[in-house]
Amino acid sequence: MMTISPSLISPDLSLADIPLEETLSLGVMASGSGSNFAVLAAAIAKKQLNARIPVLIYNNPDAKVKEKADHYNIPAVFLDHRQFKPREELDRAIVETFQEYGVKWVIMAGWMRIVTPVLLDAFPDRVINIHPSLLPSFKGVRAVEQALAAGVKVTGCTVHIARAEVDSGPILMQAVVPILPDDTAASLHERIQVQEHRIFPVAIALAAKLGL
């Protein structure tokens with residue numbers, strides 16, 4: 001019978017290892033279910049992460065993340081990317097919204113749009129992304145499917161400082177997830193998400209502590 005080894009997380013830290021004196025002001029961007037957004041909001045509510053989320057930006061009118069923001073009484077602003085061309089126009093609207101709400105750190109929690117230097121330059125080294133692979137492997141969309149197609153034995157998730165090149169930039173934290181012989185994209189993605197939820201708030205605290 002096959003046993004599943006515990007995931008390897010590097011660096012091996014917890015929120016208790018990274019106390020923050022300053023309360024972080026996090027502007028979150030999400031496009032879908034918002035599970036990572038909910039993890040951050042819960043960690044803040046439990047006083048595990050010294051931060052606040054003054055605003056959520058979402059770009060899909062049917063995104064379930066809006067319901068999660070309502071649950072935590074966090075203002076949610078809908079910016080339909082279809083109404084902004086080119087991409088820089090959307091990012092200008094994002095920057096203006098975040099500045100209005102006093103955001104200092106930008107958190108991409110399942111934001112399914114490519115960001116531009118307009119956003120990155122407004123928050124230099126303070127835009128954080130999470131991606132469902134062990135970067136630099138399997139960048140871009142459908143990263144879980146890419147890993148399965150490649151036949152690799154492990155994959156995972158990465159939290160990193162965003163750069164203009166898609167899914168690139170200094171890596172903050174990674175978690176390894178084994179790929180099982182009978183894995184589907186859905187089953188593998190579900191196990192990757194478990195690890196995303198473990199490392200995301202820790203990686204954000206680490207970025208702030210390192211002064212990135």
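Mentor: One term before we start: a contact here means heavy atoms within 4.5 Å. Keep in mind, too, that this is a predicted model.
Trainee: OK, so among contacts between residues at least 6 apart in sequence, what percentage join residues at least 24 apart?
Mentor: That comes to 67% in this chain.
Trainee: And how many helices and strands are there?
Mentor: There are 6 helices and 8 strands, and along the sequence they follow the pattern β-β-α-β-α-β-α-β-α-β-α-β-β-α. The radius of gyration is 17 Å, close to the 17 Å from the globule rule for 212 residues, so the chain is as compact as a globular protein of that length.
Trainee: Switching to the inside, which residues touch the most other members of the largest nonpolar core?
Mentor: Leu26, Leu49, Ile53, Ile107, Ile128 and Phe200 do, in a core of 50 residues. Helix H6 (residues 185-210) gives the largest share of this core, 11 residues. There is also a second, separate core of 20 residues, with Met29, Ala93, Ile94 and Val106 among them.
Trainee: What is Leu49 in contact with, leaving aside neighbours within four places in sequence?
Mentor: Its partners are Leu15, Leu20, Leu26, Ala43, Ile44, Pro201 and Ala205.
Trainee: Now strand S7: mostly covered or uncovered?
Mentor: Mostly covered, as 7 of the 8 residues in S7 (residues 154-161) are buried.
Trainee: Which strands does S7 pair with?
Mentor: S7 runs antiparallel to S6 (residues 127-131), joined by 4 bridges, with Asn129 opposite His160. S7 also pairs with S8 (residues 171-178), again antiparallel, over 7 bridges; there Gly156 has Val176 as its bridge partner.

Note on methods
Residues are numbered from 1 along each chain as its sequence is written. This is a predicted model: local features need pLDDT of at least 70, side-chain atom pairs count only at pLDDT 80 or more; totals for chains, interfaces and linings use all residues. Side-chain values use heavy atoms; hydrogens and water are left out. A nonpolar core is a set of buried Ala, Val, Leu, Ile, Met, Phe, Trp, Tyr and Cys residues joined through side-chain atoms within 4.5 Å. Buried means under 20% relative accessible area, exposed over 50%, partly exposed in between (1.4 Å probe, protein chains only). Helices (H or I, at least four residues) and strands (E, at least two) are DSSP runs, numbered from the N terminus. Two strands pair if DSSP finds at least two bridges between them. The radius of gyration is taken over C-alpha atoms; the globule rule is 2.2 Å times the number of residues to the power 0.38.
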